[in-house]
Amino acid sequence: MLALCVMVLISACGLRSGTSDSLQKVKVAVLLPLKSKDPGVRNLAKSAERAARMAMWDLRANVAMTMRVYDTAGSEMQAAKVARLAVDEGAQIIVGPLFGGASNAVGLAVAKNSVNVLSLSNNADIAGGNVYVLGHTYQNSAERLVNYAFGKGKRRALIVHSNNLAGYAGANAVEKALVANGTASVGKENYNFTQQDVVDAMGRVAIRNELVGADIVFLTADYNGALPLIAQLLPEAGVNPATVQYAGVAQWNSLPSAFSLPGIQGGWFALPSPTRANQFRERFESIYQSVPHPIAAIAYDGVAAVGASIATGSRHALTARGLTLSSGFQGAAGIFRLREDGTIERGLAIATIEGNQVVVLEPAPRTFNNFGF
């Protein structure tokens with residue numbers, strides 16, 4: 001169980017490895033804020049670096065790649081500077097940086113060199129051109145959740161979000177997914193991030209719910225935001241989880257201590273394949289004796305996707321055409337593929353919380369055949 005199937009992880013889905021030396025000899029630059037002033041960011045970057053090196057180790061027998069890590073120091077200006085340096089030193093593709101602003105700066109810095117950037121960010125707004133976003137996006141989760149909800153007969157959606165960038169991004173993602181399925185939300189309510197305003201907002205949500213008769217309420221909050229408070233107050237305000245389905249675009253499995261809250265119990269959320277994610281985590285821990293940060297699997301995916309693209313033997317490897325294969329790639333936490341607009345589609349599972357345990361309702365797809373776009 002500890003060892004991931006290397007050939008599955010590094011191969012493009014449905015494709016075999018093996019190509020000419022001229023295509024195999026690829027220089028990869030990994031950009032991370034290893035010397036950020038924020039100790040939390042430094043720890044995150046270190047975890048991502050370890051995962052990238054783990055991917056390189058797994059690739060060693062199948063593709064000839066070299067990898068060099070460059071420190072962005074948590075600065076957009078420094079990120080652009082080291083990106084140009086990496087390209088001057090022969091880098092043909094960039095994995096990273098972590099955050100949206102730095103990734104956008106890097107994309108602009110190397111655009112004239114026709115170098116693609118596989119950002120670890122989840123900010124879909126920076127995607128496009130030569131920048132691809134590998135992080136878990138609201139768009140991806142919302143599409144998966146809405147498709148599942150429609151399959152279960154849910155048609156009347158109420159959206160609850162905070163008045164900040166993340167809240168609006170989550171709400172917009174849900175709305176787009178609803179429209180793509182031929183409907184629209186029956187209402188939206190928002191709140192400022194103060195305890196009193198969240199309390200007041202839950203009363204407004206309950207009143208709106210009575211007026212529109214929603215059969216599902218989408219919450220954009222996560223455990224770092226107002227989700228625990230909402231999960232307690234919204235049922236108390238009168239939105240009964242027994243008759244109105246709760247769903248969240250955040251991953252509700254990340255805080256077991258909140259599993260007993262009435263709004264969390266029975267709620268739907270999307271998450272990467274638990275089986276594959278657990279295998280990756282166990283292997284990472286066996287190598288480094290530390291628990292990987294969630295971003296680590298994304299860093300692994302970035303390097304693995306580069307290797308898989310090269311292994312196709314195509315002269316288009318590392319170009320937009322080579323990176324946006326419809327069959328996608330197998331990653332540390334399941335399948336994923338890059339879209340032409342620079343966004344990502346990951347094969348996600350649908351799960352719920354029952355008896356304070358995560359229960360998978362619909363497993364993550366193993367291939368993109370007859371699934372998604």
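Which residues does threonine 352 touch, not counting residues up to four places away in sequence?

A: Happy to. Please keep in mind that this is a predicted model, in which local features need pLDDT of at least 70 and side-chain atom pairs count only at pLDDT 80 or more, while totals for chains, interfaces and linings use all residues. Residues are numbered from 1 along each chain as its sequence is written, and side-chain values use heavy atoms, with hydrogens and water left out.

Leaving out residues up to four places away in sequence, threonine 352 touches Gly266, Gly267, Trp268, Phe269, Gln357, Val358, Val359 and Leu361; contact here means heavy atoms within 4.5 Å. Threonine 352 sits in strand β14, residues 348-354. Helices (H or I, at least four residues) and strands (E, at least two) are DSSP runs, numbered from the N terminus. With a relative accessibility of 2%, threonine 352 counts as buried, where buried means under 20% relative accessible area, exposed over 50%, and partly exposed in between (1.4 Å probe, protein chains only). The side chain of threonine 352 also reaches the backbone oxygen of glycine 267 at 2.8 Å. That is a polar contact, meaning a pair of N or O atoms within 3.5 Å; within protein, one must be able to donate a hydrogen and the other to accept it, and residues adjacent in sequence count only if both atoms are side-chain atoms.

Now the sheet around this residue. Strand β14 belongs to an open sheet of seven strands in the order β7-β6-β8-β9-β10-β14-β15, with mixed pairing; two strands pair if DSSP finds at least two bridges between them. At the edges are β7 (187-191) and β15 (357-362), each pairing on one side only. On average, neighbouring strands of this sheet are turned by 30° against each other, direction ignored. For this and later angles, axes are lines fitted to C-alpha atoms, for helices over the stretch in contact, and angles run from 0 to 180 degrees between N-to-C directions.

Within α8, alanine 201 counts as buried at 1% relative accessibility. Apart from its neighbours within four places in sequence, alanine 201 is in contact with Asn190 and Tyr191.

There is a second sheet to look at too. This open sheet of five strands has the order β2-β1-β3-β4-β5, with parallel pairing. Three bridges link β4 (residues 116-119) with β5, where valine 133 is the bridge partner of serine 119.

Helix α5 (residues 100-110) lies across β1 (26-32), β3 (93-95), β4 and β5, running at about 170° to β4. Because eight of the eleven residues of α5 are buried, this helix is largely enclosed by the rest of the structure. The buried residues of α5 pack against β1, α4 (76-88), β3, β4 and β5; Ala102, Val106 and Val110 are among them.

The axes of α3 (residues 39-59) and α11 (residues 294-311) come within 7 Å and cross at roughly 35°. The residues making this contact include Leu44, Ala51 and Met54 of α3, together with Ile295, Tyr300 and Val303 of α11. By class, the contact has 14 nonpolar, two polar and one charged residues; Ala, Val, Leu, Ile, Met, Phe, Trp, Tyr, Cys and Pro count as nonpolar, Asp, Glu, Lys and Arg as charged, and the others, Gly among them, as polar.
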